[in-house]
Amino acid sequence: MSVRFRFTRLSQQVALGGGILILSTASITQASPNSNSRTLHNRSNLPIAEPKPEKVTKTLPADVPMPNQWEVKAPQGAPNVVIILLDDVGFAAPSAFGGAVKMPTAEKLASNGLRYNKFHTTALCAPTRASLKSGRNHHKVNMGSIPEIATGYAGNSTVVPDYAQPVAEILRLNGYNTGAFGKWHETPGRETTAAGPQTRWPTRQGFEKFYGFVGAEDNMWDPTIHDGVTVVDAPEKEGYHFTEDMTDQAIGWVRQQKSIKPDKPFFVYYSSAGAHSPHHVSKEWIAKYKGKFDQGWDVLRQQNLQNQIKAGIVPAGTPLAKTPDSVPSWNSLTDQQKRIYARQAEVFAAYVEHSDYEAGRLIQAIDDLGELDNTLVIYITGDNGASPEGDFSGHWNWNHFLNGVEETPDEQEKKLDEWGGPSTYPMYHLGWAIAFNSPFALSKQVAGDFGGTRNGTVIHWPERIKQGGGVRTQFSHVNDVAPTILEAANLPMPTTMHGIQQIPMQGTSLIYTFNDSNAKERHNTQYFEIIGNRGIYHNGWMARTTIMYPWEAPKKINSVEKDDGWQLYDTTKDFSLANDLAEQYPERLTAMKKIFMEQAIENQVLPLDDRLLQRLVPSVAGRPTLLGDRTSMDLYPGAWNMVEDSILNVKNTSNSITAYLDVKGRDEDGVIFSQGGRFGGWSLYVENSIPTYSYNYMGKIFTFKSKKSLPLGKSVVRFQLDYDGGGTGKGADAQMTLNGEVVAEGRLEKTIASRFSIDEGSDVGLDRGSAVTVKSIGPRRNSAYGGQIDKVTIQIYPKESDQNKV
């Protein structure tokens, strides 16, 4: 499992300026289509208009020069660009930054490139991705949170505007080929159906090729994959894993692109799911970490800090910042809990290393093509800090956490041998998140703490970086990536795109740091805000206030209304944010708070909205829904992968499904309709000619079978749940009818309250992804129904007592 790519270096070095707008490249020289002359075109207004052909006045072809083909080419010497983005990894995990998880690809890139130990993200995945791809602050492009909790306010609508076009589109219109692979999570759920709009899909955001999943996470063993805007099946392959599949796709795309157009540069956005939940990885990788975390998270924090200092990543003398009292100590746990939680960390670490290895395969393929020297690789080892979303126990099925259901140690211990495999959907205990964010105190979602925002980043580009192996300590942010790419490609930031005036990029190109480790810092001011947790960096000082710790929500430790709890740190002397100077420098704190408000107003951060779980409900959050007040929905075969925001919400209310079938007497068995998957959902299907309904309560399956089989000809199968009401997740009485006759009855004592699944949607006529029933129905792939479905009708019957009470 070694990574073998070579690192060669060209002797010729090219110096670049420090600014983004390079006047010499605001225009290009391009051959006219009707002559051999050279015509000047402006790259500041995209797309570059094709010149109109000159009039031809001669009759014979021999008398008319053949015009040159019109083509926009990238500037001479423009590099290939590869962004590698990992997920929820944490500052103290990667070995390249002194961490406990082996990441040989990052290490080898760093040995011939640069490590940035003060590179920051936004503390949450979708906002980081929006800022990365646009070069602007996340609220400025309306991505103040994730689409699942979007509001109606501009900065939190999660609807990326057309006046802030992404760097991929700039590169595409300037002569690059562009491809995105892996996780996207930039499209509102209501825009992911055939009804569109597709404006915010990858293939409308600058990428000619997309192969991956659109949402926040996916099952690595049974993913829901889009190729472009089309749902496709994963390859049928023993031991299939999505990260390996997306890497194969990326490698194949790069090879094909270079085979056909060797002089045309490419841009690859390689967005790995590792190590967001679910932590899915094979046993061979997990075995490498057996016993490596038996010491527990408290000792691991100390070990991480010592190794970070030894590696030159953290200054000598840096203390560990004090963690909240609510984070349990390792010694307070039972022996059973220690066994379970150590296994959780082993799986996480294996997943991270596996993700790094797969990224290395892509780098190796680029090197094998002879392209690595002139490829700008930006490897960001996480889109935020390590995640505490496993709460106080971790989970074998993280869907339990989403629905407020606890797992017992006995239940988890039964799953230890399967942990990380296809029968689990795992996440680790929050204690590991704090340890993997050493030396900081907090985690993902906490925007005012570097544990939420600091991610080690490696930049590798042999043609421009004169001396590799160094560490860069200048403050940097994810919004610096796009300006860095534009300067590297010798391209200006366009003033208009597609006829729309563009707002300026807000990041700062990092090229000024490449060959000057002591260069004066240029990114001097940066605000942070996620769900009310906020901070402001300015000239080496950091002020912040924390509204709540994610694992204590909805409990608040400070409030937006009171604007209290502010702390102040001198980051030039206090790397870990351990020494609060707010009482010592009250005037400076007041000035910092004023700067935050100025930035908040400028970047449409306001109003500050610290609601979290409440915002899962669209009507409470104030975001539009696809269906509005509709209570009935007709669906037809070919409707696949409809996420929960694009279909009627059947949770916490009475509901029914009615299937109109035409039975021909052939092998009818298969799924009529399914929602969710193996770790939560429901399905109506026919098995052995018997209509059947299964409700998967997060791994526990309750099945209702008809006492009669399907007759030939037209049939109507109806299944109804009569919800108890009085809150969320309550029980329901169940009844199935076949052509008006009651054929099954029963009861569910509990129902799923919040989400059936983050990644798996609804399908008519099959069950794509993992199976709700945890088995195949009928002989066809995805349990596809073998008969004729005329129509499926979903209905809900809301009553006042049924309404969501979050």
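The turns that follow concern a predicted model, and each sets a value against its cut-off.

Q: Why is Asn-374 called buried?
A: Its relative accessibility is 16%, and buried means under 20% relative accessible area, so Asn-374 counts as buried. The residue lies in the loop between α7 (335-368) and β12 (375-380).

Q: What makes the pairing of the side chains of Asn-374 and Trp-461 a polar contact?
A: The distance given for the two side chains is 3.2 Å, and a polar contact requires N or O atoms within 3.5 Å, one able to donate a hydrogen and the other to accept it. Leaving out residues up to four places away in sequence, Asn-374 touches Trp-461 along with Gly-77, Ala-78, Pro-79, Asn-80 and Glu-463.

Q: How do you know that Ile-286 is buried?
A: The relative accessible area of Ile-286 is 2%, which is to be set against a limit of under 20%, and therefore Ile-286 is buried. Ile-286 belongs to helix α5 (residues 283-287), and, with neighbours within four places in sequence left aside, it is in contact with Val-281, Arg-343, Glu-346, Val-347, Ala-350 and Trp-419.

Q: Why is α4 described as roughly parallel to α7?
A: The axes of helix α4 (residues 242-260) and α7 cross at roughly 10° and come within 10 Å. Angles under 35 degrees count as roughly parallel, so α4 is roughly parallel to α7. Where the two helices meet, α4 contributes residues including Thr-247, Ile-251 and Val-254, and α7 contributes residues including His-354, Leu-362 and Ile-366.

Q: What makes a group of residues a nonpolar core, and which members of the largest one touch the most other members?
A: The members must be buried residues of the nonpolar kinds, joined through side-chain atoms within 4.5 Å. The largest such core has 103 residues, of which Ile-84, Val-268, Trp-432 and Phe-436 touch the most other members. Helix α7 gives the most to this core, with 15 residues. Apart from it lies another core of 47 residues, including Ala-78, Ala-168, Ile-459 and Ile-511.

Q: Which residues is Val-268 in contact with, leaving aside its neighbours within four places in sequence?
A: Among them are Val-81, Val-82, Ile-83, Phe-181, Trp-253, Val-254 and Leu-362, where contact means heavy atoms within 4.5 Å.

Q: Why are β27 and β31 said to stand at the edges?
A: The sheet is an open one of five strands, in the order β27-β26-β25-β24-β31, with antiparallel pairing. β27 (700-705) and β31 (762-764) each have a single partner strand, so one side of each is left without a neighbour in the sheet. From one strand to the next, the twist averages 10°.

Q: How do you know that strands β24 and β25 pair?
A: Pairing needs at least two bridges, and strand β24 (residues 670-677) and strand β25 (residues 680-687) have seven, in the antiparallel sense. Ser-674, for example, has Ser-683 in β25 as its bridge partner.

Q: What makes strand β18 mostly covered?
A: Five of the six residues in β18 (residues 525-530) are buried. β18 pairs with strand β19 (residues 533-538) over six bridges in the antiparallel sense, and Thr-525 stands opposite His-538 in β19. The two strands form a hairpin with two residues between them, and Ile-531 in the turn has a positive phi of about 50°.

Q: Why does Asp-88 count as buried, and where is its place?
A: Its relative accessibility is 2%, against a limit of under 20%, so Asp-88 counts as buried. Its place is in the loop between β4 and α1 (104-111), and its phi is near 60°, a positive value in a residue other than glycine.

Q: Why does His-185 count as buried?
A: With a relative accessibility of 1% and a limit of under 20%, His-185 counts as buried. His-185 lies in the loop between β7 (177-183) and β8 (209-213), and it has a positive phi of about 60° although it is not a glycine.

Methods
Residues are numbered from 1 along each chain as its sequence is written. This is a predicted model: local features need pLDDT of at least 70, side-chain atom pairs count only at pLDDT 80 or more; totals for chains, interfaces and linings use all residues. Side-chain values use heavy atoms; hydrogens and water are left out. Helices (H or I, at least four residues) and strands (E, at least two) are DSSP runs, numbered from the N terminus. Buried means under 20% relative accessible area, exposed over 50%, partly exposed in between (1.4 Å probe, protein chains only). Axes are lines fitted to C-alpha atoms, for helices over the stretch in contact, and angles run from 0 to 180 degrees between N-to-C directions. Angles under 35 degrees count as roughly parallel, over 145 as roughly antiparallel, 65 to 115 as roughly perpendicular and the rest as oblique.
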